[in-house]
Amino acid sequence: EMGPMKSREYFMIVIFFIMLYLWVFGDAYKISATAVALLGIVLALLTNVLSFDESQIVSNEILSKLSFS
């Protein structure tokens with residue numbers, strides 16, 4: 001049993017749908033996919049869905065798996 005949803009989880013759902021909408025209709029608003037991704041990260045940080053420490057851990061794991069040959 002996972003229990004009831006927390007406010008962070010509701011914020012993540014809202015952020016996800018905002019990003020999905022902007023990725024689909026971004027050309028109409030002249031917003032690039034990169035800007036949408038950055039907006040999603042900023043919104044997640046501002047609403048405490050993602051903490052700065054968590055974002056550093058994720059980025060370090062991603063960078064450690066990339067090989068630049």
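Guide: The chain has 3 helices and 0 strands, where helices (H or I, at least four residues) and strands (E, at least two) are DSSP runs numbered from the N terminus. Along the sequence the pattern reads α-α-α.

Guide: This is a predicted model, in which local features need pLDDT of at least 70 and side-chain atom pairs count only at pLDDT 80 or more, while totals for chains, interfaces and linings use all residues. Residues are numbered from 1 along each chain as its sequence is written, and side-chain values use heavy atoms, with hydrogens and water left out.

Visitor: What pLDDT does the chain average?
Guide: The average is 85, and 86% of the residues score at least 70. pLDDT is the predictor's confidence in each residue, from 0 to 100.

Visitor: And where is confidence lowest?
Guide: In helix 3 (residues 52–65), with a mean of 70; the highest is helix 1, at 94.

Visitor: How many of the residues count as buried, in percent?
Guide: 13% of the 69 residues. Buried means under 20% relative accessible area, exposed over 50%, and partly exposed in between (1.4 Å probe, protein chains only).

Visitor: On to helix 2. Which of its residues are buried?
Guide: Val36, Gly40 and Ala44 are the buried residues of helix 2. They cover an arc of only 70° around the axis, so they sit on the same side of helix 2; the arc is that of the directions from the helix axis to the C-beta atoms.

Visitor: What do they pack against?
Guide: Helix 1 (7–29). Contact here means heavy atoms within 4.5 Å.

Visitor: Which exposed residues are on the face turned away?
Guide: Thr34, Leu38 and Leu46.

Visitor: What span should helix 2 have?
Guide: At 1.5 Å a residue, its 14 residues (33–46) should span 20 Å, and the end C-alpha atoms are 20 Å apart, which agrees. The expected span is 1.5 Å times one less than the number of residues.

Visitor: Which residues make up the largest nonpolar core?
Guide: There are 6 residues in all: Ile15, Met19, Leu22, Val36, Ala44 and Val49. Helix 1 and helix 2 are the elements that give two or more residues to this core, and helix 1 gives the most, with 3 residues. A nonpolar core is a set of buried Ala, Val, Leu, Ile, Met, Phe, Trp, Tyr and Cys residues joined through side-chain atoms within 4.5 Å.

Visitor: What does Val49 touch?
Guide: Not counting residues up to four places away in sequence, Val49 touches Arg8, Phe11, Met12, Ile15, Ala44 and Glu54.

Visitor: Now the backbone. Where does Lys30 lie, and is it buried or exposed?
Guide: Lys30 is in the loop between helix 1 and helix 2, and is exposed, with a relative accessible area of 77%. Phi of Lys30 is near 60°, a positive value in a residue other than glycine.

Visitor: What about Asn48?
Guide: Phi of Asn48 is also positive, near 60°. Asn48 is in the loop between helix 2 and helix 3 and is exposed, with a relative accessible area of 54%.
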